[in-house]
Amino acid sequence: MSATFFNRRKLMTSLAAAMSAVGAGTLMAPRADAKSGDGGVRKLGRDGKPADGTQMITALITHNGLLYIAGQGANSNGPVGKDDIDSHTTRVMENVKELVETGGGTMGSILQLTVYLASIDYYEPMNKIFKTYFPNGGPARTTVAVAALPGNSMLEINCIAAIVRQARK
């Protein structure tokens, strides 16, 4: 490492000590919304309320103006009813839409999306339904075929979206 790096670090350490000595140390403290050292990460349930911490997987997380939606399978929010790719895709997309909107995003604010298919044979039928949710062009997307998915879902989708409005409570 360069001498410049060490000089800057020494300067910052000295500045922090001086600020603390004059009672201004709180000016260098983390922002108020960074509760308990979490850096502003908010873990939310499907209803948009803070997660209670008992979930193994949190469905919706917000941080720095972004939404992170955990993988949504066809059975993530109750049984599908029909066991075909059209029904599974519709259910998964509705689950994603619900969570994105709950967190303050829209389908148009989805930036990146990953689709996991239980069979590559589902690719074209999934695309047919998928396109109806993005009439003005979809997000950056990766689609992969996998050996199996939890809950016998034919697909699973996770995504990242921008927050564009106040989250639903």
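Student: Which residue has its charged end over the ring of Phe 130?

Tutor: First, this is a predicted model, where local features need pLDDT of at least 70, side-chain atom pairs count only at pLDDT 80 or more, and totals for chains, interfaces and linings use all residues. Residues are numbered from 1 along each chain as its sequence is written, and side-chain values use heavy atoms, with hydrogens and water left out. A charge sits over a ring if NZ of Lys or CZ of Arg is within 6 Å of the ring centre and within 35 degrees of the ring normal. Here the charged end lies 4.6 Å from the centre of the Phe 130 ring, and the residue is Arg 141.

Student: What kind of aromatic pair do Phe 130 and Phe 134 form?

Tutor: Rings of Phe, Tyr and Trp (its six-membered ring) pair if their centres lie within 6.5 Å; planes under 30 degrees apart are stacked, over 60 edge-to-face, and the rest tilted. For Phe 130 and Phe 134, the centres are 4.9 Å apart and the planes make an angle of 40°, so the pair is tilted.

Student: Is Phe 130 buried or exposed?

Tutor: Buried means under 20% relative accessible area, exposed over 50%, and partly exposed in between (1.4 Å probe, protein chains only). Phe 130 has a relative accessible area of 6%, so the word is buried.

Student: Which strands stand at the edges of the sheet?

Tutor: Strands (E, at least two residues) and helices (H or I, at least four) are DSSP runs, numbered from the N terminus, and two strands pair if DSSP finds at least two bridges between them. The open sheet has six strands in the order β1-β2-β3-β6-β4-β5, with mixed pairing. Two of them have a single partner strand each, so one side of each is left without a neighbour in the sheet: β1 and β5.

Student: Which residue does Arg 46 meet in a salt bridge?

Tutor: A salt bridge is a side-chain nitrogen of Lys or Arg within 4 Å of a carboxyl oxygen of Asp or Glu. Arg 46 sits in the loop between β1 and β2, and its partner is 52 residues apart from it, in helix α2. The N to O distance is 3.6 Å, and the partner is Glu 98.

Student: And which residue pairs with Lys 128 in a salt bridge?

Tutor: Lys 128 is in helix α3, and the partner is in helix α2, 42 residues apart. Lys 128 is exposed, at 54% relative accessible area. The N to O distance is 3.9 Å, and the partner is Asp 86.
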